[in-house]
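I opened the file to go through it in order: overall form first, then the contact between chains, then single residues. These are my notes.

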There are 2 protein chains.
Amino acid sequence: MSFAPLKNDTFLRACLRQATDHTPVWLMRQAGRYLPEYCATRAKAGSFMGLATNVDYATEVTLQPLERYPLDAAILFSDILTVPDAMGLGLSFALGEGPKFARTVRNEADVATLAVPDMDKLRYVFDAVTSIRRALDGRVPLIGFSGSPWTLACYMVEGGGSDDYRLVKSLMYSRPDLMHRILAINADAVAAYLNAQIEAGAQAVMVFDSWGGVLADGAFQDFSLAYTRRVLAQLHRTHEGVEIPRLVFTKGGGLWLDDMKSLDCHALGLDWTVNLGRARALVGEGPQGKALQGNIDPNVLFAPPAAIDTQVAQVLESFGKPHQGEGQGATHIFNLGHGISQYTPPEHVSALVEAVHRHSRRLRAGN
Amino acid sequence: MSFAPLKNDTFLRACLRQATDHTPVWLMRQAGRYLPEYCATRAKAGSFMGLATNVDYATEVTLQPLERYPLDAAILFSDILTVPDAMGLGLSFALGEGPKFARTVRNEADVATLAVPDMDKLRYVFDAVTSIRRALDGRVPLIGFSGSPWTLACYMVEGGGSDDYRLVKSLMYSRPDLMHRILAINADAVAAYLNAQIEAGAQAVMVFDSWGGVLADGAFQDFSLAYTRRVLAQLHRTHEGVEIPRLVFTKGGGLWLDDMKSLDCHALGLDWTVNLGRARALVGEGPQGKALQGNIDPNVLFAPPAAIDTQVAQVLESFGKPHQGEGQGATHIFNLGHGISQYTPPEHVSALVEAVHRHSRRLRAGN
């Protein structure tokens with residue numbers, strides 16, 4: 001496939017720990033319900049899955065935030081749970097509620113029926129990637145993504161969201177053998193899924209380990225991190241000669257940065273509990289260092305623009321002046337520490353993006 | 001007041017970082033819905049607040065887990081939100097749901113009406129403390145407690161539980177001056193409340209900063225930790241010549257142990273995400289070290305007893321051999337990393353408590 005040349009490579013350069021003239025910014029869930037134009041498209045589509053499975057709608061909503069804000073990356077509009085849906089678990093979203101699976105995976109018989117799904121069942125995702133990449137016309141790079149093996153398993157066992165992860169942890173502590181089988185299948189499925197996104201045009205891929213942080217120390221390393229590692233090991237390093245950055249975000253994983261240092265990826269996402277300066281010292285420097293992505297509290301966006309400006313400056317300053325000049329060094333990709341809230345005033349996002357660009361240029365200039 | 005002499009001081013000794021022959025264990029929310037006898041008493045009482053405000057019922061349920069298990073401490077049966085209730089916010093619990101306040105604190109006018117409540121409104125709590133202490137008859141020490149200033153503020157602003165803390169964080173980022181006023185009042189109220197519990201017979205006091213972990217780095221230090229510090233500074237050091245240990249538990253606070261090292265308290269509670277060995281190295285040793293309390297995942301209790309035994313051994317071993325001999329050193333108080341689930345099989349708690357006592361004796365013997 002051939003696409004238009006990239007006009008803004010700031011995000012990709014920061015992923016690869018190369019110098020940029022400003023700190024790139026994008027927002028998790030940037031195409032979402034806080035935008036009235038998103039709600040209008042979703043209403044036309046009838047349901048969340050109707051939106052996610054329609055190539056034209058998925059393309060339309062992916063580009064909506066870029067029309068409003070000078071963001072430095074686009075992210076595929078989809079859901080983290082498309083892979084277990086393709087495994088036959090029956091994903092749905094009731095209006096105003098989280099995801100639900102029609103079938104769950106809770107015992108040996110359930111696990112016996114699980115397999116890496118035929119990637120043709122996810123063709124709608126890959127078609128959306130190609131369509132979005134074309135529609136972007138080189139404005140900014142396109143990020144593909146998937147849930148992590150552990151995060152998918154949480155939903156597959158619980159059947160939906162949970163506030164205590166009782167069922168999935170009961171299975172993990174009672175039958176670790178079954179949990180490892182689920183996770184191995186998930187890892188191989190996620191790897192195939194992300195590779196197909198890369199082949200379809202994704203210029204970077206991100207693994208969302210949204211629920212890794214609910215695990216105990218020890219269990220995180222064995223049941224989440226090991227399978228993220230298994231995904232990363234299988235991913236295409238390049239596509240048509242271009243390096244494809246790999247990003248990993250474990251919500252609540254700040255305590256395990258030491259463990260994540262050895263992940264074979266380019267960037268680590270951080271939530272707002274992490275001090276960026278400390279994270280940079282731990283994993284941001286040196287030849288094996290990672291780019292750091294994050295980490296403002298999405299609730300900052302409910303404050304007035306002047307307060308948003310102050311908080312943005314604090315986050316940028318806590319990371320410090322990024323690497324400048326030739327070669328590789330510590331770099332920062334600005335983002336929220338979690339998905340943007342549906343209640344966010346859209347004009348506050350303008351204030352945030354503008355503040356990131358302005359303050360990050362000031363920081364580089366040493367003012 | 002005079003009470004029976006204490007027969008089992010293992011918990012208090014461990015708080016004071018003195019050697020013990022086994023690792024003491026108690027469980028957050030050990031008097032709770034997983035016990036059928038608790039449910040029977042609650043049914044008699046009619047409601048949660050009916051239970052908490054009745055001295056006889058509160059005494060009865062506090063002692064129930066001690067009849068079943070050889071726990072090393074009792075904790076006052078009450079709720080973390082009694083203080084804002086006494087401020088006039090109207091606390092209630094619908095069956096099967098979390099706490100709700102009839103009135104919330106969201107603007108300048110709301111804050112203007114807030115004040116440290118008359119402690120007489122909390123007399124039912126202090127009477128319960130004295131009654132429980134009498135009923136314990138020296139078997140184990142009694143822990144008093146309160147929610148932290150920040151955790152109380154979360155509920156006071158949100159009006160109940162929350163999954164995003166949008167309202168309280170909006171106030172914090174928009175009007176930090178108002179938030180600081182709420183927190184200062186809360187801190188002074190919590191200090192008076194805990195001092196009255198000490199005077200009524202509590203032999204240790206614990207501050208539950210249940211929602212400190214939802215704050216961003218920086219905000220945690222300014223809006224939670226600073227006010228926990230303000231509480232601790234006002235607490236009675238001794239009562240009738242006996243030292244009263246002070247414990248602080250910030251759920252999700254593992255990243256901030258360095259900041260908590262300087263808290264004027266004896267012990268820090270940890271959730272299951274924290275590696276106890278690393279926490280011990282950071283804050284457990286040296287003259288200003290803290291005892292560490294925690295931190296098994298409550299979901300381990302859904303596994304079969306053999307798996308519980310293995311997980312208990314792992315937690316004890318991750319802390320390592322506690323201080324032995326004269327003087328002070330690193331000590332461990334075994335607990336869950338959060339309150340026990342209402343779905344826990346009661347016989348699994350027996351397996352856990354027995355495993356803590358057995359493995360911790362083995363660990364001390366060096367086997």
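Predicted model: local features only at pLDDT ≥ 70, side-chain atom pairs only at ≥ 80, totals over all residues.

I looked up the backbone of Glu240(B) and found phi near 50 degrees, a positive value in a residue other than glycine. Is Glu240(B) buried or exposed? I counted 10 other C-beta atoms within 10 Å of Glu240(B), so it is exposed, the limit for that class being 12 or fewer.

Next I looked at Tyr165(A), for which phi is also positive, near 55 degrees, in a residue other than glycine. I placed Tyr165(A) in the loop between helix H8 (149–158) and H9 of chain A. With 18 other C-beta atoms within 10 Å, Tyr165(A) is partly exposed.

I checked the peptide bonds. Which residues of chain A does a cis peptide bond join? The bond joins Gly294(A) and Asn295(A), with omega about 0 degrees. I found Asn295(A) in strand E10 (residues 291–296) of chain A. In chain B, the peptide bond from Gly294(B) to Asn295(B) is cis, with omega near 0 degrees. Asn295(B) has its place in strand E10 (residues 291–296) of chain B.

Another loop residue I looked up was Gln342(A), between strand E11 (332–336) and helix H15 (346–365) of chain A. I counted 14 other C-beta atoms within 10 Å, so Gln342(A) is partly exposed. Which residues does Gln342(A) contact, leaving aside its neighbours within four places in sequence? I listed Gly32(A), Arg33(A) and Tyr34(A). I also took the C-alpha to C-alpha distance from Gln342(A) to Pro176(A): 37 Å in space, at 166 residues apart in sequence.

I turned to chain A as a whole. Its secondary structure comes to 15 helices and 11 strands. Along the principal axes, the C-alpha trace of chain A spans about 65 × 45 × 45 Å. Buried residues make up 53% of the 367 residues in chain A. Of the contacts in chain A between residues at least 6 apart in sequence, 74% join residues at least 24 apart.

Last, I looked at the largest nonpolar core, which has 240 residues. Leu76(A), Ile143(A), Leu76(B) and Ile143(B) touch the most other members. In soluble globular proteins, nonpolar side chains tend to be buried together. I followed Ile143(A) and, leaving aside its neighbours within four places in sequence, found contacts with Ala73(A), Ala74(A), Ile75(A), Leu76(A), Ala202(A), Ala204(A) and Met206(A).

Technical notes. Residues numbered from 1 in each chain as written. Chains lettered and ligands numbered in written order. Helix = DSSP H or I, 4+ residues; strand = E, 2+ residues; numbered from the N terminus. Buried ≥ 20, exposed ≤ 12 C-beta atoms within 10 Å, placed from the backbone. Contact = placed C-beta atoms within 7 Å. Core = buried A, V, L, I, M, F, W, Y, C linked by C-beta atoms within 7 Å.
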